[in-house]
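Here is a short briefing to read alongside your model. Have the sequence and the 3D view open, and follow the points in order.

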Amino acid sequence: MSVTFSIEAIYTGKCRITAFGDDVCEAARQAVGRTFTDRREAYAIVREHDGAMDDCWPRDCASGLLIEGIYDVDAEGVNFANGNARVVLEFLGIDSPDLLGSMGGGDFLAACQVAMATGTPVVHARPATETVGDRGARFVDFGIDEAGIVGRVSMLADLATEAVRLGRDVTWG
Ligand SMILES: [Zn+2]
């Protein structure tokens, strides 16, 4: 129930081995962080480690190692609750009813700048609401006020600035 805004990243074809934490056994310590151009090589190492996890100490690797693809852009995205993402996109004048899309970094940055210069965020603010659903389940929507909108647009403008520097799109979904 959230939307992540991020900078378009392209898969490098390489992968790395990771664990859930930093305190890992010796075998995992040697594997974690290594990069591979051949995924099968990484799988072989993970399979060997994961086949002997009773011996893992420390145990941050004892639920198994992971393989993750390496992308050329490694910037942190920003994450908003769906309702807030909807409000912010509306404030930016971006039509995205399904909360899924992409836009050139420069266009996205321009949308942020125009909205901040000429928009009236208070019009888009919405109050917190609480609804009670089936079997008494409570759903709390914390809403978003003017400062919340301005703060989020400023985060998105920073993201878009970095996207422009890299010549990439801003994507959300
Ligand atoms: Zn281990």
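Ser 6 stands opposite Thr 171 in strand β9, in a model that is predicted. Local features here need pLDDT of at least 70, side-chain atom pairs count only at pLDDT 80 or more, and totals for chains, interfaces and linings use all residues. Residues are numbered from 1 along each chain as its sequence is written.

**Strand β9 and its partners**
- Strand β1 (residues 2–7) runs antiparallel to β9, and three bridges join them; strands (E, at least two residues) and helices (H or I, at least four) are DSSP runs, numbered from the N terminus.
- Strand β6 (residues 101–104) is also antiparallel to β9, with four bridges; two strands pair if DSSP finds at least two bridges between them.
- Met 103 has Val 170 as its bridge partner in β9.
- Buried means 20 or more other C-beta atoms within 10 Å of a residue's own, exposed 12 or fewer, and partly exposed in between, with C-beta atoms placed from the backbone.

**Helix α3**
- Buried residues of α3 (residues 82–91) include Val 87, Leu 89 and Phe 91.
- Their cover includes β1, β5 (78–81) and α6 (146–166), where contact means C-beta atoms, placed from the backbone, within 7 Å.
- Just after α3, Gly 93 takes a positive phi of about 75 degrees.

**Domains**
- The domain assignment, automatic or from a database, gives domain 1 (2–8 + 76–172) and domain 2 (11–71).
- Their C-alpha centres lie 35 Å apart.

Conventions
Contact = placed C-beta atoms within 7 Å.
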